[in-house]
Every structure is written in structure tokens, then in C-alpha cells.
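The sequence and structure are shown first, and the description follows.

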Amino acid sequence: MLTKSHITIGTSQRYLFLLHRHVSSHPIKKHDEYNFFKRSILSTDHFQYSLPRLPIPKLDKTCERYLAAVKPILNNDDNVFKQTQQIVTDFCSGDGKRLDAQLRHKNALNRNTSYISKPWFEMYLKSRLPLILNFNFFLVFADDQKHLKPGARITNYIISSIRFMNTLRANWLEPEVYHLNPMKTNTDRFRKYLRFVPKSISFYGAFLQKAFPLDMSQYSRLFNSTRIPKHDCDVLESSFGIVRHIIVIKGGHYYKVNVLDKHGHLFPAEDIAATMKYLSEGLHEEENKYPLGYFTADNRNRWASVREQLEELSQHNKDVFKEIDTSIMILCLDEDDPSKLDKSCTKKQLAEYVSGKYLCYNASNRWYDKSFNMIMLSDGTLGLHCEHSWGDGVALLRFCNDIDKDANEHGKMNSTNYESINASTNDCIEKLEFQFDDKLKNEFETSRKNYNDFVSKVNVNIYQGVIGKNLLKKASLSPDAMMQLAIQMAYYKLHKRFVSTYESCSTAVYRHGRTETIRPVTHETKTFIESLTKTKDEQLQKDLLKKCSEKHQQLIKEAATGQGFDRHLFALKYLQEIENREKLHPIYTDKPYQSINHTILSTSTVASKHIAAGGFGPVVNDGYGIAYLIDDDQCGLLVTSYLEKELPNFMQAADESFNELANIIKK
């Protein structure tokens with residue numbers, strides 16, 4: 001029997017209940033080694049009970065940090081800044097003080113979650129914008145070093161995904177911990193010590209040794225979960241209980257594929273491989289004329305109306321939706337244009353094509369509402385397209401790291417045994433088809449046109465640079481600070497001004513923490529960039545670089561410890577506007593507040609040897625979505641923008657900026 005959760009906040013109790021339903025005091029038996037990862041010394045929830053709560057910053061500090069962040073993007077407009085100072089002073093002593101007291105009172109009464117959870121979930125779920133480009137993001141796994149055929153590779157990743165799920169639900173998955181001193185704390189000896197620390201204080205036992213356990217409440221939404229379109233505000237649904245199937249999408253058709261037996265155990269790897277071989281190599285059907293993926297990419301109210309029409313048309317359609325919504329996960333098998341993946345393509349052309357596929361292209365073969373779509377291109381490239389409302393990068397990155405490692409080290413399929421397997425349905429594939437009437441067919445054509453018009457405007461560009469961690473560490477400079485600085489330099493080269501820049505920072509060290517914003521444009525970065533055209537003094541430039549790095553590291557620390565200003569101001573605005581239904585204080589209608597929340601440079605990074613690329617869409621029409629990576633000896637940008645003509649210029653400016661920085665550092 002399936003039970004459903006429409007909860008959008010406060011999921012920890014359900015999460016812990018889900019874990020404990022599967023907890024066993026017995027070690028993993030030999031026949032269970034196939035179904036589970038190695039059992040962790042510590043239970044998955046060992047630290048969950050004792051995680052500290054997300055702190056609410058002091059209001060005067062929030063106002064002080066806000067003013068420091070808006071000043072450089074006002075570009076020396078002193079009159080506007082003085083006016084903003086007066087508005088902020090009034091807010092801090094008036095409405096802000098009252099709202100802050102109200103927020104703290106509510107927070108004290110609701111100790112099981114964080115003050116930002118409800119407004120942050122609603123920000124995502126109430127937005128009526130399409131999910132693609134506006135919210136969803138993607139991650140692409142590192143290249144397959146074994147060069148397996150696509151069917152063999154995806155078999156291993158399906159098995160590893162189920163093993164991850166089973167281990168999580170058995171409460172046996174290693175807790176997520178950030179280690180400042182991994183040689184000391186990322187050891188079995190340390191875990192055995194922590195096992196005897198009571199769960200009620202276990203976080204602090206790790207904290208004292210500079211190990212920081214992270215919130216894992218989002219993990220329960222990885223599987224059997226989806227976002228359901230509703231008018232005005234979507235809902236998140238998760239199905240608990242034994243669900244045996246995944247959904248495979250190929251050619252816009254939907255196939256229910258059982259991968260578990262009636263007891264919830266994985267089918268033998270050979271059976272799953274035979275099924276995947278049939279689906280990836282043996283199944284050839286004309287493309288579905290009416291794939292619903294286009295609807296999932298449309299305006300949310302429009303999709304809600306269409307889904308209601310489909311469900312009202314027949315019980316059959318309701319049943320098909322249920323199979324998709326409750327499925328463990330969705331796998332998309334793409335049939336690509338061979339010329340786009342040909343060896344004659346440059347590495348850059350290939351990367352841009354692949355990134356586009358994971359970012360937003362091929363809606364006919366996607367279901368964007370699901371927690372994630374695992375997408376396999378015809379050449380074996382594998383990655384995830386991720387819905388963002390339910391969780392952040394920490395949970396998804398851990399999932400990617402674990403299954404990539406497991407599939408490569410313990411994958412059951414190799415080149416030899418896969419070749420010996422005959423493609424077969426194994427009587428575990430069921431094709432799912434929606435019923436349409438003429439009205440719905442017309443709705444489909446409208447959504448397909450909306451989609452094509454929307455995605456045709458986005459552009460993707462890739463850059464690989466000369467700066468790496470080794471160079472920066474040798475110069476005692478923060479790699480993240482230098483990446484952000486180069487991005488600012490590139491924009492300044494084109495426009496001679498500083499603009500709102502957003503860098504996401506996880507607050508998962510707190511219970512139900514989500515993210516805080518780092519504001520990389522500072523007085524220090526502005527001073528350094530302006531100095532490049534004013535002086536050739538190498539020592540001065542190096543000194544200014546140091547100050548940029550130190551300031552950025554300070555901002556990272558503040559954000560990671562819940563001491564940024566963005567989420568606090570956002571929560572106060574939510575209280576005044578949504579809960580109290582009051583007229584907003586002028587701080588929120590003031591030009592600087594509008595400017596700092598019009599994010600021209602939306603940035604984020606991912607650091608993992610298991611991930612080759614990641615990306616997301618631009619936040620505003622005149623901006624850029626910038627995902628960046630930095631390795632030991634090189635760095636990379638994946639940039640998206642609606643500015644077709646300006647994007648190549650920005651990439652050229654980025655190249656010049658990285659080279660300029662490298663030259664200064666090397667001198």
C-alpha cells in the first residue's frame with residue numbers, strides 16, 4: 001500500500017520514520033550485498049537529531065551587510081546610496097525591528113525546522129514560470145573510462161541507484177559529513193568513537209574535532225518523488241512503500257520497467273541488462289506524436305489545467321500519471337543526431353551540444369517534474385537533469401558521487417558479459433499511453449510551440465582557462481575568490497560597471513538548512529578591478545588581490561554559518577507581504593534592493609571528480625548563468641545566456657581576464 005505526502009516543509013519526522021521502518025540490527029547478509037552498499041559504522045540519522053538550528057542573524061548586522069553589498073553595484077552613485085542608508089536606518093528601527101521580533105517568536109515555536117524553510121519552498125512552488133532554465137539544473141558524470149556500451153553502463157547505474165536507495169532507507173548510508181581534517185576524522189576509528197556518542201549530542205562530538213555533519217532531510221525526496229502542477233502553488237508528492245518500477249522514456253514513449261521483485265529486491269543484473277539492451281538497442285518505434293514532456297516544460301498554471309483535463313478525460317490517464325509520479329526514478333534514453341556526436345566535432349562543440357541536451361533540449365523525452373531525470377545519450381554520456389524545489393546540490397552531488405563510484409568499482413556489467421546477454425523484455429516492461437481528445441491535442445501544439453520559442457532563445461558556451469588550484473594555493477589565494485573575480489573582470493571589461501552577482505552557498509550544516517547567498521562584488525573587488533587601468537604597480541595589485549581573497553573567504557564563512565543577509569531580509573519580506581498582508585517597507589521597493597535581486601551574474605560551482613560538467617539557465621533576460629569548475633591546473637566555465645550577440649564577447653572577455661589574473665599572480 002502506498003502512502004503519499006503532500007508536505008512541503010518539516011519532512012524530518014517522515015524521513016526518520018522512513019529510515020527506521022527498514023532498520024535492522026543484523027549485519028548485511030551475503031545475498032543482500034547485491035542490494036545494498038556496505039553498511040556504515042554510523043546510522044544515516046546519527047547526527048540528524050542533534051543538528052543545530054539555522055541562526056537568525058542580528059538585524060543590525062543584516063542591515064550593515066546589505067549596505068556593504070549594494071554600495072559597489074551602485075557604481076559611485078552617492079546620492080542613491082545616502083537615500084538607501086536612510087531607508088535602511090528607518091527599517092532597522094521600525095518595521096524591520098517589529099518583523100524581526102515576530103520572526104524570532106515564530107522560529108522559537110517551530111523548533112523542528114528552519115525559519116527559511118516555508119518561505120523558500122513557497123518561492124519555488126508558487127512560481128508559475130517554466131521549470132527549465134528558470135530553476136532546474138543539470139550534472140553530467142565523468143566520462144566512462146571502461147568504454148562500455150550504453151546499455152551496459154546504464155544497467156550499472158540503475159543497480160547502483162537502487163543500492164543507494166535501499167541503503168538510505170535501511171539507515172545504513174554513511175552520514176554526510178564535511179571534514180576540515182579528513183586525515184583525522186574521515187576514518188573508521190573516528191566513526192567508531194562517534195557511535196557511542198548519544199544521538200542527542202552527536203553533532204557536537206564531531207564538531208569538537210572539526211568535522212561538520214550535514215542535514216540529510218532532503219534525501220528522502222530523491223526517489224519515488226515528483227512535483228505536481230497545481231493552480232497558484234505546486235505540491236511535492238512522495239510515495240512510500242514498495243514500488244517496483246522505474247519509468248524509461250524513449251522516443252517520447254513511456255515504459256514502466258520493473259527492476260525489483262515483489263519483496264523489494266533487485267532483479268539479477270543479467271535480467272536488468274537484458275531489458276536495458278532491448279530498450280536501448282532493440283526497441284525502435286516511431287516517435288510519440290503527443291509526448292507530455294512539453295507540458296512539463298510549460299507555464300505551471302497551464303500545465304496544471306492540462307493535467308486536470310487529462311485526468312478528467314479517463315481513469316486510465318489517472319492511472320498512468322500514478323505510475324509515473326510514484327516511480328523510483330525516470331530514465332531518458334535519447335536518440336541523438338549522430339553528426340552532433342561525431343569525432344569530427346571539436347571538444348568544445350561536443351560539450352556545448354551535450355550541455356544543451358541536459359539543460360533544456362529534447363523535452364519530448366523528459367519529465368521535468370520528477371526529482372531527477374537520469375539521461376543517457378546515444379554515445380553513453382550520462383547525467384542528471386534535476387528539479388530544484390525539493391532540494392539543493394548537496395544531496396544530488398552525494399548521490400552522483402556514490403553511484404558513480406559504485407558503478408565503476410562494483411558494476412556487474414562489463415564489455416564481455418554484456419555482449420553475451422540477449423536483449424529481452426523479461427515480461428517486466430509495460431508501455432504506458434495517455435488518451436487524448438482533440439482539445440488536448442490542440443493544447444499540446446500550443447505547449448510545443450511555447451517550448452520551442454522559449455529554448456530557441458538560450459545560448460550555451462564553454463570556456464577552459466589557465467588558472468588552477470596549484471597556482472592559486474602557491475600564491476595563498478582562494479580559488480573560489482579568484483574565479484569570482486575573473487567573472488567580475490569579464491563583465492566590467494564589456495560594460496564598465498559592476499552588477500548584482502549571486503553565488504550559492506549551502507547551509508546544510510543546520511537542520512533543514514538550504515542555501516545562503518554570497519555577494520562576491522565587494523569594495524575590495526571593485527578597487528582591484530578599477531586599479532587595473534590606473535596603475536602598473538605589481539606589488540600593489542598583488543596586495544589588492546590578497547584583500548579580495550580575504551574578503552571573499554570572510555563572506556563564504558558568514559554565508560555557510562547562516563550569517564548572510566539575503567535569507568533574513570527575504571524572510572522578513574515574506575512575513576510582511578504574505579503573512580501579515582501589509583504594505584512593504586520602502587527598503588523592498590528601493591532601487592538598490594531591486595538591483596541586487598536582479599541577478600545579472602548568477603554563479604555556482606561544483607567540486608567532484610565524478611562530475612564533468614554542470615549548469616543552469618540565466619536568471620534574467622539580460623544576464624548569465626555561470627557554472628564553474630576549478631581543477632589543479634585549469635578551470636572551466638559553462639555559461640548560458642539569452643544574449644546571443646553578447647555571449648561570445650563575454651567569453652572573450654573572460655579569457656582575457658583569466659590570463660590577466662594569471663600573469664599578475666605569476667609575477
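In this predicted model, the side chains of Arg163 and Asp406 form a salt bridge, with an N to O distance of 2.9 Å. The rule applied here gives a count of 41 salt bridges. Another of these pairs is Arg514 with Asp392, whose closest N and O atoms are 2.8 Å apart. Side chains of opposite charge can pair when their charged atoms come close. The two pairs are set out below.

| Salt bridge | N to O distance |
|---|---|
| Arg163 and Asp406 | 2.9 Å |
| Arg514 and Asp392 | 2.8 Å |

Domain 1 comprises 60-111 + 565-597, domain 2 comprises 134-169 + 222-456, and domain 3 comprises 459-563 + 598-666. Between domain 2 and domain 3, the contact takes 24 residues from domain 2 and 22 residues from domain 3. The C-alpha centres of these two domains lie 33 Å apart. Together, domain 2 and domain 3 bury about 1,800 Å² between them, with 58% of that area on carbon and sulfur atoms.

Polar and charged pairs also cross this interface. The rule finds one salt bridge between domain 2 and domain 3, and 11 residue pairs are in polar contact across the interface. On the side of domain 2 that touches domain 3, strand 2 (137-141), helix 14 (347-359) and helix 15 (393-410) each supply at least two residues. Helix 15 provides the largest share of that side, six residues. Classified by residue type, the side of domain 2 that touches domain 3 has 13 nonpolar, six polar and five charged residues.

A further position of interest is Lys667, which lies in the segment after helix 25 (646-666). Setting aside residues up to four places away in sequence, Lys667 touches Glu538 and Lys542. The C-alpha atoms of Lys667 and Ala559 are separated by 33 Å, and these two residues are 108 residues apart along the chain.

The average pLDDT of the protein is 93, and 95% of the residues score at least 70. Over residues 1-26, however, pLDDT stays under 50. For residues 1-26 the model has 76 contacts beyond four places in sequence.

Terms used:
Residues are numbered from 1 along each chain as its sequence is written. This is a predicted model: local features need pLDDT of at least 70, side-chain atom pairs count only at pLDDT 80 or more; totals for chains, interfaces and linings use all residues. Side-chain values use heavy atoms; hydrogens and water are left out. Domain bounds come from an automatic or database domain assignment. Contact means heavy atoms within 4.5 Å. Buried area is the accessible area (1.4 Å probe) that two parts lose on being put together, summed over both. A salt bridge is a side-chain nitrogen of Lys or Arg within 4 Å of a carboxyl oxygen of Asp or Glu. A polar contact is a pair of N or O atoms within 3.5 Å; within protein, one must be able to donate a hydrogen and the other to accept it, and residues adjacent in sequence count only if both atoms are side-chain atoms. Helices (H or I, at least four residues) and strands (E, at least two) are DSSP runs, numbered from the N terminus. Ala, Val, Leu, Ile, Met, Phe, Trp, Tyr, Cys and Pro count as nonpolar, Asp, Glu, Lys and Arg as charged, and the others, Gly among them, as polar. pLDDT is the predictor's confidence in each residue, from 0 to 100.
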